[in-house]
Amino acid sequence: MTPRRTTTAALIAATVLGALAGCGSEPKAHRPTEAIGTRGVKAVEPKPKPVDQGLPGMPPVLDPKDLYAADRPGKLSPVVKDFPSRVYVPNTESDTVSVIDPRTYKVIETIAVGRQPQHVVPSWDMKTLWVNNDKGNTLTPIDPKTGKVGRTVDVHDPYNLYFTPDGKYSIVMASLDRELVFRDAHTMKTVKAVPVSCYGVNHADFSADGRYFIVSCEFSGELLKVDTAKMKVVGQERLPFKGAMPQDVKISPDGKTFYIADMVANGMWVLDGKNFTKPRLLPTGKGTHGLYVSRDSREMYISNRGEGTISIFDFAKNKLTKKWRLPDGGSPDMGGVSSDGKILWLSGRYDSEVYAIDTRTGKQIARIPVGDGPHGLAVYPQPGRYSLGHTGIFR
């Protein structure tokens, strides 16, 4: 028995040694490239996943934690740095645009435009201001460098106007036509008209990567999610409030949240745009209408048209912190923030006036008479690299 055991053990040992010798003689090309846990051999790190740079052609995001990083006080693009500072006010019932000199707080010119101008919109390249003559079915271009008016362009039902982040297309919010019309950003020739089933498309803002945008539908109380590249509605939901009338749309500095003003719900909806889940309502004041981010990206100014107030929302604290009240009331609507961030300009929709408000104190600086029905005024120029439209959404 002992000899057999010895022989068997010897055979096993020989087999193991032979196997080890075989491994050691493996051709170099077939040797493993990493040996985890082996002394003296460095493990190969896995390749990092490619970072999604967003919509092709879109300028890269400067700071993922702050989409408004390019909008700091006085940080004017070389394109606009020599433009005179002006406030352009479309008067919907007077068919004019009042031009205010912000240094003197006086109207220095009144420009005749088409029927029912709703918004003054900076183009993507920031070289042109487009006046949206909704009932006139035209766009009136203004050269912000010279103040000269160009030849009108035929565009049907241009209630509002936006631009894709890559600068290729304009998007006409054709409210009554119930369409989102993608057009060439320069010629305004129609590329694709997208019918929608909601009523009153009017305002929008884009995701951080530019791949989609959220649209408010004023007259049916709904929201749309639209794929930018495919030019296609990919989501639709009704706001959980009877009679809701959503207005302005703005994304948070960190790109995680969309805020939608609602003039009937008297507050703003807080929406997870990526997942497009049910939003929650944050009450702000009667007739909530316009949303504007401060130059330091810390706060958002919220105009409450129905009560003559401006609510202040703190992004970091995720809550309302202040409310400013206009003396003698008013109807603060749409507007923008001055280049230096010190003044909030808002149109007085039902009072034929414009308000200049100190952003440090909330005090009214000036109350300027303009035409009837002032609406989407544009403060220009403003800091930023390019415009996404409306009264000035700059990134």
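A search of the whole structure finds 13 salt bridges, a salt bridge being a side-chain nitrogen of Lys or Arg within 4 Å of a carboxyl oxygen of Asp or Glu. The structure is a predicted model, in which local features need pLDDT of at least 70 and side-chain atom pairs count only at pLDDT 80 or more, while totals for chains, interfaces and linings use all residues. Residues are numbered from 1 along each chain as its sequence is written, and side-chain values use heavy atoms, with hydrogens and water left out.

Three of these bridges are set out below.

| Salt bridge | N to O distance | Relative accessible area |
|---|---|---|
| D66 and R72 | 2.5 Å | D66 8%; R72 26% |
| E307 and K323 | 2.9 Å | E307 25%; K323 41% |
| E353 and R367 | 3.1 Å | E353 12%; R367 26% |

Burial is judged by relative accessible area (buried under 20%, exposed over 50%, partly exposed in between, with a 1.4 Å probe and protein chains only). D66 therefore counts as buried, whereas R72 is partly exposed. In the salt bridge of E307 with K323, E307 lies in the loop between β21 and β22 (309–314) and K323 in strand β23 (residues 319–325), so the pair ties together parts that are 16 residues apart in sequence. The salt bridge of E353 and R367 joins strand β26 (residues 353–358) to strand β27 (residues 364–369), so parts 14 residues apart in sequence are tied together.

The protein chain as a whole has 1 helix and 28 strands, where helices (H or I, at least four residues) and strands (E, at least two) are DSSP runs numbered from the N terminus. Buried residues make up 54% of its 395 residues. Of the contacts (heavy atoms within 4.5 Å) with a separation of 6 or more, 47% are between residues 24 or more positions apart.

The interior can be described through its nonpolar cores, each a set of buried Ala, Val, Leu, Ile, Met, Phe, Trp, Tyr and Cys residues joined through side-chain atoms within 4.5 Å. The largest has 26 residues, of which F258, Y259, M268, M300 and F313 touch the most other members. Strands that each supply at least two residues of this core include β17 (258–262), β18 (267–271) and β21 (299–304). Leaving aside neighbours within four places in sequence, M268 is in contact with residues including Y259, L291, M300 and F313.

Aromatic rings of Phe, Tyr and Trp (its six-membered ring) pair if their centres lie within 6.5 Å, with planes under 30 degrees apart counted as stacked, over 60 as edge-to-face and the rest as tilted. By this rule there are 11 aromatic pairs. One of them is the tilted pair of F83 and Y380, with 6.4 Å centre to centre and 40° between the planes. This pair links distant parts of the chain, 297 residues apart, with F83 in the loop between α1 (2–24) and β1 (86–91) and Y380 in strand β28 (residues 378–380). Both F83 and Y380 are buried, and ring pairs link F83, Y380 and F394 into a cluster.
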